[in-house]
Amino acid sequence: MTHAVARVVLESPLPQLDRVFEYEIPVELRGQLREGMRVKVPLRSGGRVVGGYVVELTDDPEYTGRLAKVEQLVSGARVLPPELARLARAVADRQAGTMSDVLRLAIPARSARLEGRWLDDETGERAGRAAAAAPVLTSHTSLEASYGPELLDALRGDTPVRWSLRVPVGVAGATPRALRTLVEMAAELVAMGRSAIVLVPDYRDVDLAIAAAEGVLPTASVRRFDSRLKPMPRYEQFLRALEPVPQLVVGTRAAVYAPAHRLGGILMWDDDDESFREPHAPYAHAREVALMRAQQQNCAVILAGHAPSLEAARLLSTGWLHEVRPLRPQRPKVIPAAATLGDESTQREARIPSSAWRAAREGLDRGPVLVQVGRAGYRPYLACANCRTPASCSFCGGRLQQHGPGGVPSCAVCGRPHADWTCRECGEAKLRSGGIGHQRTAEELGRAFPGARIVLADGEERLVAVDATPQLVVATRGAEPVPEGGYRAVLLLDVEGALARESLGATEAAMRAWSNAAALVADDGAVILAGQPSPPLIALRDWQQTKWASAELAERRELHFPPAVRVGVITGNELEVDTAVRRLTDLDAVEVQVLGPVPDPEQHDRARAVIRFSYRDGVTVAAALKSELVAQASASRRRAGGRGTPSSTLRVQLDAPDVF
C-alpha cells in the first residue's frame, strides 16, 4: 500500500524542532519510502534542507495546509525500527532533551558503501541468516549448578524477570566467573530465539564477554558494539543487528540502543560504573535507558555486580527488582591488614603494612599478585615540604605533579613546568609527595622484590589479561587485568584516601572497585585491605555489600540525596535560570526543591540552580523544563532575526552526577 504523507523527525538539536513534521511524498517515491528510512527534507525557515528519519506513513495528515515535499530518499535501509523510535522519544522526554540527540547516540555514522552492499545482499547471505533457526548452545552452561533449575525455568518463562543478580567470585580459566554467568544467561535467551544485550563498562569487559560468548554460541551470532571500533565496522555491526535473527549484542553504554530483533533481555554488568554515564545531551544513564526499554518491550532486565548500586538497592526496596543469589554463595578471603598488626603506630600508618608484604611474597611463589592503587602516575599530587599546602600552577592554578624520579614538577592541567616553584604560603622551595601513583608504587615494589616481573595496568594500557606466571601487577582501580586462574594474592592500597574524597558517591565507587578486584583472587588466595576498620571495609570483609548499600540508601532518604530523589542542574544567564525556576515552582501538585541560583563555578558569567524532585514528578518536571528550553530558544531566535546561532544559554541536565 502506498502512502502520500511521511511524518519525519528532524536531525536538529534545536528544542523548538523536536517534534514530528509532515511532508508530502513525491509520486516517484511512493511505494519506496518506509518507516525508519533516512530522508532529506526542507525547512521553511532559511530555505535549508536537513536530514531526518521517517517514523510514520499516513494518508491523513494533521496539517490542513499545503505540505512541503520530501526532498530526497537518502537510503533504503530502515535504520530506525519503531521500537527504537519509541525508546528515543521516551528517553528525550524523561531527560528534557531532544529525540535527535538520542538518535545521534543510538545510530552510528552512516557508511554509504557498506550500506549499499548490505542492501544488495537481500537475497544472499543476509537472507540465509534470516532463514536460519535459532543458534544452538555449543557447550553446556554452569547456570543450573550455580543457581538451580528454578533460575533457568524463570529465565525461559513467559514472564520477563527483573533481577538484581549476585554473581560467583573467582576466575574460571581466563574469564571472571561473574561475567561468564551473565553471558551464559544471555546465551540461554538467544537459544530460545530471542536476542539479548549484555552491557559492560569498557573495552576490557567487552573482550572478556565476547570470549565467553564465543564459548557457548556460534561466533556469527555475537555482535560487538564497542565505541573503540572504527566507523565502518561499527556501522556494519549495527546493520547486522537490524537483521531479523536472534543475536547476542555485547557492548558499552551505546549498545543499550542496539536494534536487537525480538529482544528477550538486557543484562548489565556493574551498572554504577561511571562509564555508563552519558556525557552528551540528553545525559541519560545507560541503566535508566535499559529499564525504560525493558518496560516498553516487555523483556527481562538483570543488573549484576559484586557490589550492587544504590539505584539497584532502591529498586529492590520497592519490589521492582528481586535479588537472586547462587545456591552456595562464595566469598573471597578478605583480611584487614589492621587486624594482623600490633600497637606500633608506624606499622598502622604504613601505606603497605608488613602483612601485605608477606602476602605478596607468599603469593609470588605460586603465581601473579595484584596490587590495586588509587591513583595513576608517579607522584600525582605535590605539596609544600614545610607547611603541606598543595602545590599549584602559578599560571592556571592546576595541581602540580611529577612524572618520574628526578622529573621537573609540571601542571596537570596546562602542562607548564615549575622547576623554580616556591610555596605561596611560607616561601619554601622543597616539595613532598601528596600522593603516590601506580608508577611510584611499582618502583617501590621493584626494590622490595628484586628480580620479580612488574606489570603496570592503567587506563592508558590496553591490558585485558595476564598469564599465570609469578608477577606483580600494579593497577589503578578498574584497570585490573584478569589472570588465568585468579591472583594468588590481592593487595588493596590507598583505601582511606578513596573514602576521603569529597564526593557523595566516593564510598560507593570505592566499594565497587574493591569488590571487583577482590573477586579476581584465586580460590585459595587472600585479599589484604590496607586501611583502618570502617563500616565499608567491614562490609567488604564480610562480603555484605548488599546490606551496606541498603543502609547507605536509608541515610540518603533521610537527607534527600540521590538516588532517593532525582536531581537536576539548570544553567544559563541569571534571567534564564530565574525564569526556569519560576516555571517549576508554579507547577501544581509538584514538589520541587530549588537550591540556588548561585554563580556557576565553571562559567563566571552564568548562574546555576540545583533542583531536587521525586521520581513520581519526573515527567512533569521534565516537560516543564523542556517547554522553557523551547520558549527561550524561540525567543532568542526571534531576537536574532532567525539568522545565526540562537543566543539562549539555558541548559538542563537531569540526573547530573556529582552534584553533592
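**Exercise 1. Classify Val-136 by exposure and place Val-136 in the fold.**

Step 1. The relative accessibility of Val-136 is 60%, so Val-136 counts as exposed. The classes are buried (under 20% relative accessible area), exposed (over 50%) and partly exposed (in between), with a 1.4 Å probe and protein chains only.

Step 2. Val-136 belongs to the loop between helix H4 (125-131) and helix H5 (143-147). Helices (H or I, at least four residues) and strands (E, at least two) are DSSP runs, numbered from the N terminus.

The model is predicted: local features need pLDDT of at least 70, side-chain atom pairs count only at pLDDT 80 or more, and totals for chains, interfaces and linings use all residues. Residues are numbered from 1 along each chain as its sequence is written, and side-chain values use heavy atoms, with hydrogens and water left out.

**Exercise 2. Describe the second largest pocket by its volume, lining and residue classes.**

Step 1. The volume is about 640 Å³. On a 1 Å grid over the protein atoms alone, a cavity is a set of points where a 1.4 Å probe fits but cannot get out, whereas a pocket is an open set with protein on both sides within 12 Å along at least five of seven lines; lining residues have an atom within 4 Å of a point. Grid points are joined across faces, edges and corners, and a volume is the space filled by probe spheres set on the points.

Step 2. The lining of the second largest pocket has 30 residues, and those closest to the pocket centre are Ala-281, Leu-629, Leu-650, Arg-651 and Val-652.

Step 3. At least two lining residues come from each of strand E27 (566-572), helix H20 (618-639) and strand E30 (651-654). H20 gives the largest share, 4 residues.

Step 4. By class, the lining splits into 16 nonpolar, 9 polar and 5 charged residues. Here Ala, Val, Leu, Ile, Met, Phe, Trp, Tyr, Cys and Pro count as nonpolar, Asp, Glu, Lys and Arg as charged, and the others, Gly among them, as polar.

**Exercise 3. How many aromatic pairs are there? Work through two of them.**

Step 1. The count is 3 aromatic pairs. Rings of Phe, Tyr and Trp (its six-membered ring) pair if their centres lie within 6.5 Å; planes under 30 degrees apart count as stacked, over 60 as edge-to-face and the rest as tilted.

Step 2. The pair of Tyr-235 and Phe-238 is stacked, at 6.2 Å centre to centre and 10 degrees between the planes. Both residues lie in helix H9 (residues 231-242), 3 residues apart, about one turn of the helix. Tyr-235 and Phe-238 are both buried.

Step 3. Trp-357 and Phe-449 have ring centres 5.7 Å apart and planes at 40 degrees, so the pair is tilted. Trp-357 is in helix H13 (residues 354-364) and Phe-449 in the loop between helix H14 (438-448) and strand E21 (454-457), so the pair ties together parts that are 92 residues apart in sequence.

Step 4. Trp-357 is partly exposed at 23% relative accessibility, and Phe-449 is buried at 7%.

**Exercise 4. Examine the backbone at Pro-282, Tyr-283, Trp-543 and Pro-597.**

Step 1. The bond from Ala-281 to Pro-282 is a cis peptide bond with omega near 10 degrees. Pro-282 is in the loop between strand E12 (263-269) and helix H10 (286-297).

Step 2. Tyr-283 is found in the loop between E12 and H10. Its phi is near 65 degrees, positive in a residue other than glycine. Tyr-283 is partly exposed at 27% relative accessible area.

Step 3. Trp-543, not a glycine, has a positive phi of about 55 degrees. Trp-543 lies in the loop between helix H17 (535-541) and helix H18 (545-559), and is buried at 8%.

Step 4. Gly-596 and Pro-597 are joined by a cis peptide bond with omega about 5 degrees. Pro-597 is in strand E28 (residues 592-599).
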